[in-house]
Amino acid sequence: MTEMLLTCKQVHTITADVRTFVFEVAGSEQLRFDAGQYLTVTTEPDGIPVTRCYTISSPPTRPRRIAITVKRVPGGLVSNWLHDHLTPGGTLRASGPQGQFSVARHPAPKYLFLSGGSGVTPSMSMTRTLYDLADPADVLFVHSARTPDDIIFRRELDLIAATVPHIRVVHVCEENGPVESWGGYRGRLDLAMLRQIAPDLLEREIFACGPPGYVEAVRLMLPAAGFDMARYHEELFTVPAPAPANSNGGGSFKVELTRSGRTIACDSETAILTAAAQEGITLPASCAQGMCGTCKTTLVAGTVNMRHNGGIRPREIAQNKILLCCSTPLEDVVIDA
Amino acid sequence: MFDLDVAAIFAQHWLFAATDAELPEPGDYVTVAIGTYSIIIVRDDDGDVRAFHNVCRHRGARILNDERGSVGNIVCGYHKWTYGVDGELRYAESQAPGFDPSCFSLKSVHARTLAGLIFICLADEPPADFADVAARIEPYLAPHRLQQAKVAAQVDLVENGNWKLAMENNRECYHCSGHPELQCSLFPIYGYSESDLPPVLRPAYERYLHADAEARTTYEELGLPYAAIEELDTRPTGFRIQREPLDLAGESFTADGTAACKRLLADFPTARLGRLTLHLQPNSWFHVLADHAICFSAIPIAPDRTLVRTTWLVHQDAVEGVDYDLGTLTKVWTATNDQDATLVARAQLGVGSPAYVPGPYSPTELQVEAFCNWYTMRLREHLWR
């Protein structure tokens with residue numbers, strides 16, 4: 001692993017809240033890495049160093065430059081700093097590359113890349129690599145986005161799929177976009193949908209990356225299909241590691257649990273249930289995927305970002321109910337738990 | 001006999017189970033107990049009504065234990081098996097590799113809505129004639145727009161009698177002199193012909209003839225179907241429907257016959273529409289008026305106990321205390337139901353005596369005869385199956 005200084009060469013707007021930052025590695029012609037590996041990036045948004053991991057979205061077959069692709073996250077300290085401050089000529093400290101999540105480590109004749117949201121980046125790096133190398137491997141690229149407007153790298157993927165017959169691209173959207181209504185697969189990826197998209201999924205090496213709820217759902221549905229999990233690889237695109245202990249600025253908010261009488265720290269990318277568990281507090285919960293509603297509780301103060309899977313109704317949300325397993329804080333919050 | 005009634009009648013026929021108004025939003029549910037069955041009726045994410053057996057596919061636990069409520073998904077409280085409101089198993093913790101959730105959906109029950117009323121059928125193959133019955137009664141019900149109604153009140157009354165006694169009591173007005181509140185506005189003459197009218201009912205009958213002629217003119221002007229259709233014992237889904245006038249002001253079941261709710265169920269030019277009356281075999285009856293609707297169902301609990309559920313519907317925008325007074329709205333049928341409960345309990349006690357020998361029906365009790373005829377035929381068909 002090497003420490004490096006990256007100089008921004010170009011910024012591409014990919015969707016309304018996703019940008020690609022293209023870098024030159026200072027003092028070296030090229031960076032050696034495997035498609036799917038990530039860098040650890042350090043920024044100092046408020047004068048305090050904060051680190052985040054970002055997958056290199058560019059392929060190693062284009063070695064003179066590296067790129068990361070970043071989605072703006074509500075309350076996201078690093079992602080927002082990158083979006084708001086990093087322009088061509090700016091620099092960034094980084095270390096890496098790291099990670100085992102790569103087709104280079106698990107070669108196979110047929111792949112299934114499953115990604116949700118900005119978890120698309122390793123799939124994209126791997127797909128670009130296989131495409132550049134004219135690799136004969138069969139690739140099925142399945143990406144879940146909220147709306148058609150949120151599909152990352154859509155035109156480039158269309159081009160790749162149109163150019164080579166053995167790379168197939170399928171998008172799944174939860175709802176229509178403000179402009180485009182969606183005619184393709186709709187909703188959350190489930191086993192029935194996946195079987196329709198990939199009837200031969202048992203023959204494929206599977207790589208899944210996305211938000212925790214997405215990856216957990218995939219991990220649970222595959223054994224149900226009889227899939228050999230030795231050929232399954234996953235990566236969460238959020239950083240599970242807690243912020244440095246001495247740092248109060250790592251996107252961290254205070255979560256007060258009124259019934260437990262405890263106050264814990266939780267950053268904007270960690271579900272409150274997860275943060276509580278890390279502090280040794282076991283709260284009633286079961287599926288941890290926003291489905292069963294066991295962790296439903298009242299939000300007494302503050303706001304959260306909640307991405308549930310049907311375990312709560314609009315009427316309950318209107319009554320300040322939240323599911324702790326899929327709610328991340330957007331500010332300091334007080335919870336009846 | 002009780003178990004046979006559940007198996008041959010209640011598990012084989014279309015049953016009125018709830019009103020649309022009880023499930024206004026996706027995730028809203030009611031549970032209905034029929035014998036040892038428990039059924040979940042839930043509005044799904046597409047706004048459709050679905051019904052499932054209330055039995056977890058894991059180890060059989062009763063899943064939803066309240067009579068009504070709202071759920072995100074349907075979650076068994078025992079081991080948190082989680083089903084979507086489409087009945088599909090969405091989550092089961094810690095299952096072995098190879099576990100296929102698609103094999104463990106909730107067992108579904110046939111459900112359909114008809115002009116704001118929800119019907120279920122427990123049979124694998126429900127009586128096929130319901131579609132025909134629905135097509136014939138829907139034009140009568142539809143103008144009242146019960147889909148846009150809300151529940152103003154629902155009262156469960158346990159009658160100390162067999163469900164068949166509760167039904168037989170409902171299917172005649174021979175006993176209606178025992179219902180002083182009801183007799184204010186209801187013409188208590190059904191089943192009677194002019195020749196067998198008792199003198200005491202003669203004035204009411206004269207008023208009825210006058211009101212009926214006037215009502216027909218109104219119905220025809222408004223395009224409201226009113227002709228009686230009576231097929232109570234000639235088909236599996238036996239029914240009777242008719243629109244006819246009410247006495248006095250002719251608008252509603254109140255002491256003076258005026259509307260109990262100022263906000264009518266639909267944009268009718270007059271509240272004076274009398275009552276649309278619907279009887280369905282085996283266990284329900286309805287009075288649908290211009291200003292409100294009353295839905296009744298009788299559900300067997302035990303050989304000598306029957307749940308009679310009464311649901312009052314008003315327009316969803318009607319405001320209690322402003323458009324209607326709840327006491328006024330419910331007064332007539334609360335009193336009438338209580339009186340009926342007393343009569344049914346007395347009948348249960350009497351027919352339980354070894355000395356009981358059935359007496360002849362009056363000609364006015366022809367619907368009781370039709371009910372019994374339907375029942376025995378359906379029972380016979382079940383036993384021969």
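These legends describe close-up views of a predicted model.

**View 1. The largest cavity lies among residues of chain B.** The structure holds 7 cavities of 30 Å³ or more. The largest of these has a volume of about 200 Å³. Its lining is made of 20 residues. Closest to the centre are Asn169(B), Asn170(B), Trp285(B), Trp333(B) and Asp340(B). Four elements of chain B give two or more residues each to this lining: the helices α3 (163–170) and α6 (326–351), and the strands β14 (275–280) and β15 (284–288). Helix α6(B) gives the most, with 4 residues. By class, the lining of the largest cavity has 8 nonpolar, 8 polar and 4 charged residues.

**View 2. The second largest pocket is lined in part by α3 and α6 of chain B.** The volume of this pocket is about 580 Å³. Its lining counts 19 residues. Leu165(B), Glu168(B), Ala347(B), Tyr356(B) and Glu365(B) are the closest to the pocket centre. Helices α3 and α6 of chain B are the elements that give two or more residues to the lining. The largest share, 5 residues, comes from α6(B). Sorted by class, the pocket lining has 12 nonpolar, 3 polar and 4 charged residues.

**View 3. Helices α1 and α7 of chain B cross at roughly 90 degrees.** Helix α1 covers residues 2–10, and helix α7 covers residues 366–384. Their axes come within 9 Å. An angle from 65 to 115 degrees counts as roughly perpendicular, so α1(B) and α7(B) are roughly perpendicular to each other. On the α1(B) side, the contact is made by Leu4(B), Asp5(B), Ala7(B), Ala8(B) and Ile9(B). They meet Trp374(B), Tyr375(B), Arg378(B), Leu379(B), His382(B) and Leu383(B) in α7(B). This contact has 8 nonpolar, 1 polar and 2 charged residues.

**View 4. Helices α3 and α7 of chain B pack at an angle of about 145 degrees.** The axes of α3(B) and α7(B) are 8 Å apart. Their crossing is right-handed. Helix α3(B) brings Trp163(B), Lys164(B), Met167(B) and Glu168(B) to the contact. Helix α7(B) brings Val368(B), Phe371(B), Cys372(B) and Tyr375(B). Which classes make up this contact? There are 6 nonpolar and 2 charged residues, and no polar ones.

Definitions and conventions:
Residues numbered from 1 in each chain as written. Chains lettered and ligands numbered in written order. Predicted model: local features only at pLDDT ≥ 70, side-chain atom pairs only at ≥ 80, totals over all residues. Heavy atoms only, no water. 1 Å grid on protein atoms, 1.4 Å probe; cavity = no way out; pocket = protein on both sides within 12 Å on 5 of 7 lines; lining within 4 Å. Points joined across faces, edges and corners; volume = space filled by probe spheres on them. Nonpolar A, V, L, I, M, F, W, Y, C, P; charged D, E, K, R; others polar. Axes fitted to C-alpha atoms, helices over the stretch in contact; angles between N-to-C directions. Parallel < 35°, antiparallel > 145°, perpendicular 65-115°, else oblique. Contact = heavy atoms within 4.5 Å. Left-handed = near helix turned anticlockwise from the far one by under 90°.
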